[in-house]
Amino acid sequence: MKFTESSAHLALLALFEGGNEFWSSQYREFGAEELIARIQSGNYSEHKKGGLNLSATLEKLETNEIMGELNSIGGFLLTRSDLDWPKPLDDLKAPPIALICRGSRSALSGLDRSLSIVGTRNPTGYGQRIAGDFAAGAVDRGWSIVSGGAIGIDTAAHQGALAAEGQTIAILGCGINSIYPSSNDRLFGEIMESGLLISEVLPNVHAIPARFLIRNRLIAAISRATVVVEAAFRSGSLRTAREGAEIFRPVFAVPGPINSPTSDGCHRLIGERSAEIVTSIADLMELVAPLVD
């Protein structure tokens, strides 16, 4: 079977989960078409347990159907050969092989002035209000907002950006045609009007917990800085913050009441000096302004 550049990228997304340093490095070394040819030739047949099955899996893939479905829902494939590829993602140890997007492609141009806002799925009213206010305040100052589309702080951040008539991007842990959580279906529709849904899995791939942790590195890398608003002591949002710090992205945390479990993670980041404390949108804008000067 002969693969084009586009079908080769889709095949690689089908074969490998994101965040795999080995396959990401192989892709960067050989490119999509050559890597597929190497897999077809059995070059990786002895690579771990699944190596023997790679070429057989390739033979069963119907990449034309996948591309047809992608086109039918108004989605598009984004690769490094595209001029609007988000180059900050290449700072990761395991950059995505490609991205599947749905919405307004022009939103990619706003990533040069974007902030990620993340936090717990079980926020207090205080956390929801702060996330929404920070997002709206940033949008009013010409920034776009990135988050993960989850319930809780993510939702509040997206809603705050939309309320201020700004652009927001949701980076998903599932396919763009397999929306999770379903309760945010209307929100995702609103996001797509001026912003984007982005995923590194194929359109109909369902959410599993591991994929949310894997996608957190994309949230951390794609924007200029990350703001954590309410996070428990072992929250996945701390993973996002640390992923950002590893590639020298500024990380900020909003303090909360000292007896609030939902702020323990923020206080931990601040106490460990892994994040700079921010207490207002004015503070945050003063700190991020030099990032785009």
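Start with helix H2 (residues 21-30), whose buried residues pack against helix H1 (5-15), helix H3 (32-40) and helix H4 (54-60). This is a predicted model, so keep that in mind as you look around. Which residues of H2 are buried? They are Trp23, Ser24, Gln26, Tyr27 and Phe30. Look down the axis and these residues cover an arc of only 160 degrees, which puts them on the same side of H2.

Now move along to the sheet. It's an open one, with 9 strands in the order S1-S2-S6-S5-S4-S3-S7-S8-S9 and mixed pairing. At the edges you'll find strand S1 (75-78) and strand S9 (276-277), and each has a single partner strand, so one side of each is left without a neighbour in the sheet. As background, strands of a sheet pair through backbone hydrogen bonds, and they do it either parallel or antiparallel. For a parallel case here, pick out strand S4 (residues 144-147) and strand S5 (residues 168-171), which are joined by 3 bridges.

Helix H5 (residues 63-72) lies across S1 and strand S2 (99-103), and runs at about 125 degrees to S1. Helix H8 (residues 185-194) lies across S2, S5 and strand S6 (196-199), running at about 105 degrees to S6.

Next comes a helix pair. Helix H6 (residues 125-140) packs with helix H7 (residues 153-163) at an angle of about 35 degrees, and their axes are 7 Å apart. The crossing of H6 past H7 is right-handed. What makes the contact? On the H6 side it's Gly127, Gln128, Ala131, Gly132, Ala135, Ala136 and Val139, while H7 brings Ile153, Ala156, Ala157, Gly160 and Ala161. By type, the residues of this contact split into 8 nonpolar and 4 polar, with no charged ones.

Finish at helix H11 (residues 264-271), where the buried residues are Gly265, Cys266 and Leu269. Seen down the axis of H11, they fall within an arc of 100 degrees, so they line one face of the helix. And what do the buried residues of H11 pack against? Their partners are strand S7 (225-229), helix H10 (236-246) and strand S8 (251-254). After H11 comes Arg273, which has a positive phi, near 60 degrees.

Key
Residues numbered from 1 in each chain as written. Predicted model: local features only at pLDDT ≥ 70, side-chain atom pairs only at ≥ 80, totals over all residues. Heavy atoms only, no water. Buried < 20%, exposed > 50% of the residue type's maximum accessible area, 1.4 Å probe, protein only. Helix = DSSP H or I, 4+ residues; strand = E, 2+ residues; numbered from the N terminus. Arc of directions from axis to C-beta. Contact = heavy atoms within 4.5 Å. Pairing = 2+ DSSP bridges. Axes fitted to C-alpha atoms, helices over the stretch in contact; angles between N-to-C directions. Left-handed = near helix turned anticlockwise from the far one by under 90°. Nonpolar A, V, L, I, M, F, W, Y, C, P; charged D, E, K, R; others polar.
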